[in-house]
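Subject: Structure handover

Dear colleague,

Here is the structure I said I would pass on. My notes on it follow below.

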Amino acid sequence: MTRDILAEQRDYYAARASEYDDWWFRRGRYDNGEEANARWAADVREVEEGLVEFDPRGDVLELAAGTGLWTRHLARSGRRVVAVDASAETLAVNRGRVDVGSVDYVVADLFDWEPAEQFDVCFFGFWLSHVPQARFDAFWGLVRRALRPDGRVFLVDSYAGDVAHTGEPLGGELERRRVADGREFTIVKRRWEPDALAARVAPLGFRLELAKSGHGHFLYGGGA
Ligand SMILES: C[S@@+](CC[C@H](N)C(=O)[O-])C[C@H]1O[C@@H](n2cnc3c(N)ncnc32)[C@H](O)[C@@H]1O
């Protein structure tokens, strides 16, 4: 069951590759009007500033890198970025956006991938919410193995109370999503409260300082 949903989730993002950025830039069906868009933009700025403060230097691993909305920032501060994603379609958009030689792209399924080296920083944006409960601990094990002993993590994701949902909740950890041509997909979507997530990963050996963005769209932060 989980395996089928994870395959559907991959297919969804491949199908959505060319329209994904409309969500981030609040265009088309994600345009919620001037005031709501301004609140969203303020939250985006807050997280981007948080990432600058975190200072992701050295060798950076980006998991589920997508269309490069974060890769472009990581490529500025990191010596090198390895950007992994299951969708060649989204990585093609990423390559077109970022276009620097210090980024290496890897097409791989994160539920079936092992890092061949260790990194100073591991970053994942809007990925953890797509990791089902059954794979949660294993995912953090992957993060640990990917990091040098003094390595650090930074993440950003949907805040639990965010009302700007892009899909229809199906109950449990599943959500129904539709792409512009009408095709529908079921995916995993688990929104977290900062304290609950920090407490959940503490026994896995991660001390994260997480916050909710000012207008409540995002959860973000980092640690080691
Ligand atoms: C919500 S998007 C986030 C993209 C990017 N991190 C961002 O914040 O804009 C989720 C990404 O996860 C990728 N993805 C989905 N399933 C995956 C899997 N099993 N392994 C690796 N990447 C996967 C999708 O292709 C998509 O690019």
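Helix α1 lies across β7 and β8, running at about 120° to β8. Helices (H or I, at least four residues) and strands (E, at least two) are DSSP runs, numbered from the N terminus. Angles run from 0 to 180 degrees between N-to-C directions, with axes as lines fitted to C-alpha atoms, for helices over the stretch in contact. Two residues are in contact if their C-beta atoms, placed from the backbone, lie within 7 Å.

Please note that this is a predicted model: local features need pLDDT of at least 70, side-chain atom pairs count only at pLDDT 80 or more, and totals for chains, interfaces and linings use all residues. Residues are numbered from 1 along each chain as its sequence is written.

β7 and β8 belong to an open sheet of three strands, ordered β6-β7-β8, with antiparallel pairing. Strands count as paired if DSSP finds at least two bridges between them. The edge strands, each pairing on one side only, are β6 (168-171) and β8 (184-188). On average, neighbouring strands of this sheet are turned by 30° against each other, direction ignored. Strand β7 (residues 174-178) runs antiparallel to β8 and is joined to it by five bridges. Within β8, Phe185 stands opposite Arg177.

α1 also contributes to the ligand site. The shell around the ligand holds 21 residues, and the closest are Tyr13, Ala64, Gly66, Ala86 and Gly125; a residue is near a molecule or strand if its C-beta atom, placed from the backbone, lies within 6 Å of it. Helix α1 (residues 2-16) supplies the largest share of that shell, four residues. By type, the shell has eleven nonpolar, seven polar and three charged residues. Here Ala, Val, Leu, Ile, Met, Phe, Trp, Tyr, Cys and Pro count as nonpolar, Asp, Glu, Lys and Arg as charged, and the others, Gly among them, as polar.

Asp11 is also found in helix α1. Asp11 is partly exposed, because 15 other C-beta atoms lie within 10 Å; the class sits between buried (20 or more other C-beta atoms within 10 Å of its own) and exposed (12 or fewer), with C-beta atoms placed from the backbone. From Asp11 to Val81 the separation is 70 residues in sequence and 25 Å in space, C-alpha to C-alpha.

The other sheet is open and mixed, with seven strands in the order β3-β2-β1-β4-β5-β10-β9. β3 (103-107) and β9 (208-212) are its edge strands, each pairing on one side only. From one strand to the next, the twist averages 15°. β9 pairs with strand β10 (residues 218-223) in the antiparallel sense over five bridges. Leu210 has Gly221, in β10, as its bridge partner. Helix α7 (residues 194-201) packs on this sheet and touches β9 and β10, its direction making about 165° with that of β9. Helix α3 (residues 34-54) lies across β5 (147-158) and β10, at about 5° to β10.

As for the chain overall, there are seven helices and ten strands. Buried residues make up 34% of the 224. Of the contacts between residues at least 6 apart in sequence, 63% join residues at least 24 apart.

Regards
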